[in-house]
Amino acid sequence: MVAALAASSALPAVPALAQFRVEIKGVGLTQLPIAIAPFRGEAQSPQKISAIVQADLERSGQFVGVDASDASLDESSRPDLAQWRQKKADSLVSGSVTRQPDGRYDVRFRLWDVVKGQDLGGQSFVITEGDLRLAAHRIADFVYEKLTGERGVFSTRIAYVTKSGGRYSLWVADADGENAQSALSSPEPIISPAWSPTGGQLAYVSFESRKPVVYVHDVATGRRRLIANFRGSNSAPAWAPDGRSLAVTLSRDGGSQLYMIDANGGEPRRLMQSSGIDTEPVFSSDGRSIYFVSDRGGSPQIYRVSSSGGNAERVTFSGSYNISPSVSADGQWLAYISRIGGAFKLHVMDLKSGTVNAITDTTADESPSFAPNSKLIVYATQQQGREALMTTTLDGRIKARLAGKSGDIREPDWGPFQKQ
């Protein structure tokens, strides 16, 4: 675990902006009441572990916090669970943070089932100060999985792009938007970041050659390689699930068309012939299908084609303008942006039934991306006149505003699960 924590912090640290308060909107129907007691010793720690854990769990939409601010507990002794039953808590987390003589921190915690009176286990980490937030996210992952039976995504990462003062930056951040670290900065636009299946690389489009060119960037080292720089436009990279190839949009043969290209570059293979503009490809998790946007029918709609090519079938039928597809890892959901009047709103489709729901009340949504457990979506929007990174549950009931660097925030992409 310590090795995993260290490996996830390979980027140089960048001072974080002031923390954004997580703004939960709506009321879930099946939220589990949980008490996160202040960790003993965290008042002297640069990160408040219990607050990060609680914010993670509440943002998931699965949990609601029970006030534990006055509790004095740690993980080493059994708490009075009857007291927590009276407070209507179903579960309880207690822990401690201890600074060691060498400057590292010993973080320990334990999870209790208050209703059944059971010890559900715990963990301990010895980590550097820079990994305290990651340890908190790991704790939230442990709690989430124990209590829901599904894997948590709090220790994963997101990537997004900002424009500020005429400069474009590609950021890698924790899943809550905190701890943002610069992967790339340029006076020319950077667009379409896309995580590799292992989370070690980002594909993106750069305009530094005064035209769109596709690169793949190694997140840990900062090294990058050129993937597509053909005549015309090179854009919209999307990784195949095996990480060996990417789908890209190229205009080298006239018109914008979909191609497959090796992850190390080389000669691309055209997927199909189309009289329209085909772009924004994204793979299904099994790698068998590619969803993409095309105006072949007269207006932008989302289609699906076999990853080996062939005939495409239309997927979206409601609305005259549907773009930016994202497919959940479990294959059940399609998120996309639909223009309703002059408003751009996030929609979610059940791919089995075809049922579609608009799940936001904002009007400038863009670039949805599913969490790797298929339970949350991150997207960019404007809220109260400000650019914002948001997460939402699939029903739109629980939304949270994430921390983000200042400036014009664009194109978030949620990375895969990290190796433990």
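**View 1. Tyr204 and Tyr215, a pair of buried tyrosines.** Both Tyr204 and Tyr215 are buried (under 20% relative accessible area with a 1.4 Å probe, protein chains only; exposed is over 50%, and partly exposed lies in between). The model is predicted: local features need pLDDT of at least 70, side-chain atom pairs count only at pLDDT 80 or more, and totals for chains, interfaces and linings use all residues. Residues are numbered from 1 along each chain as its sequence is written, and side-chain values use heavy atoms, with hydrogens and water left out. The ring centres of Tyr204 and Tyr215 lie 6.0 Å apart with planes at 25°, so the pair is stacked. Rings of Phe, Tyr and Trp (its six-membered ring) pair if their centres lie within 6.5 Å; planes under 30 degrees apart count as stacked, over 60 as edge-to-face and the rest as tilted. Tyr204 belongs to strand β10 (residues 201-206) and Tyr215 to strand β11 (residues 213-218), so the pair ties together parts 11 residues apart in sequence. Helices (H or I, at least four residues) and strands (E, at least two) are DSSP runs, numbered from the N terminus.

**View 2. The aromatic cluster of Phe63, Tyr144 and Phe154.** By the ring-pair rule there are 6 aromatic pairs. In one of them, Tyr144 and Phe154 have ring centres 5.7 Å apart and planes at 80°, so this pair is edge-to-face. Tyr144 lies in helix α4 and Phe154 in the loop between α4 and β6 (157-164), so parts 10 residues apart in sequence are tied together. Tyr144 is buried at 2% relative accessible area, and Phe154 is buried at 3%.

**View 3. An open sheet of 5 strands with mixed pairing.** The strand order is β2-β1-β3-β4-β5, where two strands pair if DSSP finds at least two bridges between them. Strands β2 (63-66) and β5 (118-127) stand at the edges with a single partner strand each, so one side of each has no neighbour in the sheet. Neighbouring strands are turned by 25° against each other on average, direction ignored. Axes are lines fitted to C-alpha atoms, for helices over the stretch in contact, and angles run from 0 to 180 degrees between N-to-C directions. Strand β4 (residues 105-113) runs antiparallel to β5 and is joined to it by 8 bridges; Trp112 has Asp119 in β5 as its bridge partner.

**View 4. Arginine charges over aromatic rings.** The charged end of Arg151 sits over the ring of Phe417, 4.0 Å from its centre (NZ of Lys or CZ of Arg within 6 Å of the ring centre and within 35 degrees of the ring normal). Arg339 lies over the face of Tyr321, 4.1 Å from the ring centre.
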